[in-house]
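Colleague: I am new to this structure and would like to learn how to read its features. Please take me through them one at a time.

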Amino acid sequence: MPALLGLLTLVALLAVIMTRRLSPLVALIVIPIAAALIGGYGLETGTFITTGIKNLAPVVAMFVFAILFFGVLTDAGLFEPVISRMLRVVGDRPAWIVPGTVLLALLLHLDGSGASTFLVVIPAMRPLYDALGMDRRLLAAAAAMGAGVMNLVPWGGPTLRAAAALEMPVMDLYLPLLPAQLTGIAAAIGIAAYLGQREASRLQSAPAMADTSRSVPPDIEALRRPGRFWINVGLVVAVIGGMVSGKIPPAVCFMVGTALALTINYPNLALQRQRVDAHARAALMMASILLAAGVFTGILHESGMLTAMAEAGAGLVP
């Protein structure tokens, strides 16, 4: 019964989200609560939810402060030299930009950390995509492909966990997978080139082309801090390095990084408040989705539905 209820919960959740009958935020809260009540868990549901939210609290803190951290540094102009250099290399050719995004994600994911990869690639490349009028979904797809094929590195979490579960040396597990990984890298670049060429054709047939001059409005230009570029670069390296090292919790890294970024670039209290307010909407949306996911995972895990589903699935294997 718990396994069936858990499966129906997953199916219902995906159905209402994909058919756009409910927003993900509402669905992640309403569907699992309804399933728990149907399953007869009653007031225990509140305990399940609290546990799920507690487990996700560090992740919520990390993403909220990561959004603020990179938002403040973007305001200060940290990524402008990167974007300008890439514009000079690829020009206004989407067929080059999308594969370039994959390559950037490949390099950044050498540390095996998905969080740092997406939190650097997306803020760095989004202004370029917006300047050319490219579909932002291509940015997400290219970053995901680059990070996905590099997720097999021996020091990455999935490979380490698989090696531990199989009780074998990690390199014995990784070396047979290396040809598949190289094939995946080639496939990701090839798919990205195809998507970029298709996007180039779309933009050429569009009624109005996007402005690629990258002119910056005066109010945005006033926020730039070019004199603090290398300090900001060092701050990013320190934050990501501390996170990748595993010695400092990611939430702490981004909290301290946000405080330093605000202090270094905008020492004025009013400017600090404005910069936080400017990115508060994105941070709040991310926090809301993650907390709602905590409701979902808390109910499925604490009620035993998730364990029952896993056992039922394992029981089908000969």
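**Reading burial, salt bridges and cores**

Modeller: Leu-260 counts as partly exposed, at 41% relative accessibility; buried means under 20% relative accessible area, exposed over 50%, and partly exposed in between, with a 1.4 Å probe and protein chains only. This is a predicted model, in which local features need pLDDT of at least 70 and side-chain atom pairs count only at pLDDT 80 or more, while totals for chains, interfaces and linings use all residues. Residues are numbered from 1 along each chain as its sequence is written, and side-chain values use heavy atoms, leaving out hydrogens and water.

Colleague: Which helix does Leu-260 lie in?

Modeller: Helices are DSSP runs (H or I, at least four residues), numbered from the N terminus. Leu-260 belongs to helix α13, residues 250-265.

Colleague: How many salt bridges does the structure hold?

Modeller: A salt bridge is a side-chain nitrogen of Lys or Arg within 4 Å of a carboxyl oxygen of Asp or Glu. There are four here. One of them joins Arg-275 and Asp-75, at 2.8 Å from N to O. Arg-275 is in helix α14 (residues 269-302) and Asp-75 in helix α3 (residues 44-75), so this pair ties together parts 200 residues apart in sequence. Arg-275 is buried at 12% relative accessibility, and Asp-75 is buried at 11%.

Colleague: How far apart in helix α10 are Glu-199 and Arg-202?

Modeller: They are three residues apart in that helix (residues 178-205), which means a separation of about one helical turn. Glu-199 is buried at 6% relative accessibility, whereas Arg-202 is partly exposed at 38%.

Colleague: Which residues touch the most other members of the largest nonpolar core?

Modeller: In soluble globular proteins, nonpolar side chains tend to be buried together. A nonpolar core is a set of buried Ala, Val, Leu, Ile, Met, Phe, Trp, Tyr and Cys residues joined through side-chain atoms within 4.5 Å. The largest one has 25 residues, and Phe-69, Phe-70, Val-236 and Phe-254 touch the most other members. Helices α3, α6 (114-132), α12 (229-245) and α13 each supply at least two of its residues. A second, separate core has 24 residues, among them Val-98, Val-121, Leu-139 and Val-149.

Colleague: What does Phe-70 touch?

Modeller: Contact means heavy atoms within 4.5 Å. Leaving aside residues up to four places away in sequence, Phe-70 touches Phe-79, Leu-119, Val-120, Pro-123, Val-236 and Phe-254.
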